[in-house]
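Please keep the sequence and the 3D view open while reading.

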Amino acid sequence: MKLHSKIKGKGKPLIILHGFLGMGDNWKTLANAYDKEGFEVHLVDQRNHGRSPHDTAFSYELMAEDLKEYLEDKYLEKVSIIGHSMGGKVAMRFATLHPESLNKLIIVDIAPKYYPQHHQQILEGLTQVSKAKLTSRSDADELLAKYISLKAVRQFLLKNLYWKTQDELNLRINLQALKDNIEEVGKGLPQNSKYAGETLFLKGGNSDYIQEEDEKDTASHFENFEMKVIKNSGHWVHAEKREDFLQASLEFLKTN
């Protein structure tokens, strides 16, 4: 699959993989910061997200292979990757399948374990938005508020809106495929998958996605990892504590 991306800057290649229901554009501000630090930043939309193609098939193996194809198309032999949440799972799978293509790996607020499905309310809200043939973003927000109380989460999700026609809004995501394959999103790394390269896990201090007991399982997959906590941040670490996140990630990426 030919993934859509936006490329910013020149220098060492850095791939950023967004989370579930996100898109590369979510990372624009940080991409500008990495650009100034000497990186060529690739903001990639993963399959069924953003402007990338839609397909009924959806799994971490497929998304890892999509990324491999992307690197080949862009003539990128070795890259560093930052992956958040679902994007972190893709990055982990890619690292275990194609370690020769990786320089450094940063995983943001996700562990290699299985996560129970917990997006039902969000997917139901987005389903109603997609059915409603809305003509304004405020109407979309009002409808989504019946399912999601947190305005910040609604704002994040509604970035998926686009003008399907001159007077009708719709969602860029392939909602049906994501609903049909929702159990794939929670899947953990296969038991024997291992990666020996340098890996940094950045955990949100207020997030429960990575528990203390997950470190043992993480160590069984990643031989050379460190875990850092970004204080006073939740699951969207990079958005909530942008400067702290940037500093921690650059410190790791720039170390020889």
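Is Asp-66 buried or exposed? Asp-66 is buried, because its relative accessible area is 3%, where buried means under 20% relative accessible area, exposed over 50% and partly exposed in between (1.4 Å probe, protein chains only). The model is a predicted one, in which local features need pLDDT of at least 70 and side-chain atom pairs count only at pLDDT 80 or more, while totals for chains, interfaces and linings use all residues. Residues are numbered from 1 along each chain as its sequence is written, and side-chain values use heavy atoms, with hydrogens and water left out.

Asp-66 belongs to helix α2, residues 60-73. Helices (H or I, at least four residues) and strands (E, at least two) are DSSP runs, numbered from the N terminus. Once neighbours within four places in sequence are set aside, Asp-66 is in contact with Met-1, Leu-3 and Arg-47; contact means heavy atoms within 4.5 Å. Other buried residues of α2 include Tyr-60, Met-63, Leu-67 and Leu-71. The buried residues of this helix pack against the strands β1 (5-8), β2 (12-17), β3 (39-44) and β4 (79-84), and against the helices α3 and α8. From first C-alpha to last, the 14 residues of α2 reach 20 Å, close to the 20 Å expected at 1.5 Å a residue. The expected span is 1.5 Å times one less than the number of residues.

Most residues other than glycine have a negative phi. Asn-48, in the loop between β3 and α2, has a positive phi near 70°. Asn-48 counts as buried because its relative accessible area is 0%. Tyr-75 lies in the loop between α2 and β4 and also has a positive phi, near 55°. With a relative accessible area of 75%, Tyr-75 is therefore exposed.

The next topic is empty space. Rolling a probe the size of a water molecule over the atoms shows where such space is left. On a 1 Å grid over the protein atoms alone, a cavity is a set of points where a 1.4 Å probe fits but cannot get out, and a pocket is an open set with protein on both sides within 12 Å along at least five of seven lines; lining residues have an atom within 4 Å of a point. Grid points are joined across faces, edges and corners, and a volume is the space filled by probe spheres set on the points.

There are two cavities of 30 Å³ or more. The largest cavity holds about 130 Å³, and of its 16 lining residues, the closest to its centre are Tyr-115, His-118, His-119, Val-185 and Gly-186. Helix α8 gives the largest share of this lining, four residues. His-119 is located in the loop between β5 (102-108) and α4 (120-131), and it is buried because its relative accessible area is 13%. Apart from neighbours within four places in sequence, His-119 is in contact with Phe-20, Ile-182 and Val-185.

The largest pocket has a volume of about 740 Å³. Its lining has 30 residues, of which Ala-152, Val-153, Phe-156, His-235 and Trp-236 are the closest to its centre. Two or more residues of the lining come from each of α1 (28-36), α6 (151-157) and α10 (237-240), and α6 provides the largest share, five residues.

The structure holds seven aromatic pairs. Rings of Phe, Tyr and Trp (its six-membered ring) pair if their centres lie within 6.5 Å; planes under 30 degrees apart count as stacked, over 60 as edge-to-face and the rest as tilted. One of the pairs, Tyr-195 with Phe-222, is edge-to-face, with 6.4 Å between centres and 75° between planes. Tyr-195 is in the loop between α8 (182-186) and β8 (199-204), and Phe-222 is in the loop between α9 (214-221) and β9 (225-230), so that the pair links distant parts of the chain, 27 residues apart. Tyr-195 is buried at 3% relative accessibility, and Phe-222 is buried at 1%. Ring pairs join Tyr-195, Phe-201, Phe-222 and Phe-225 into a cluster.
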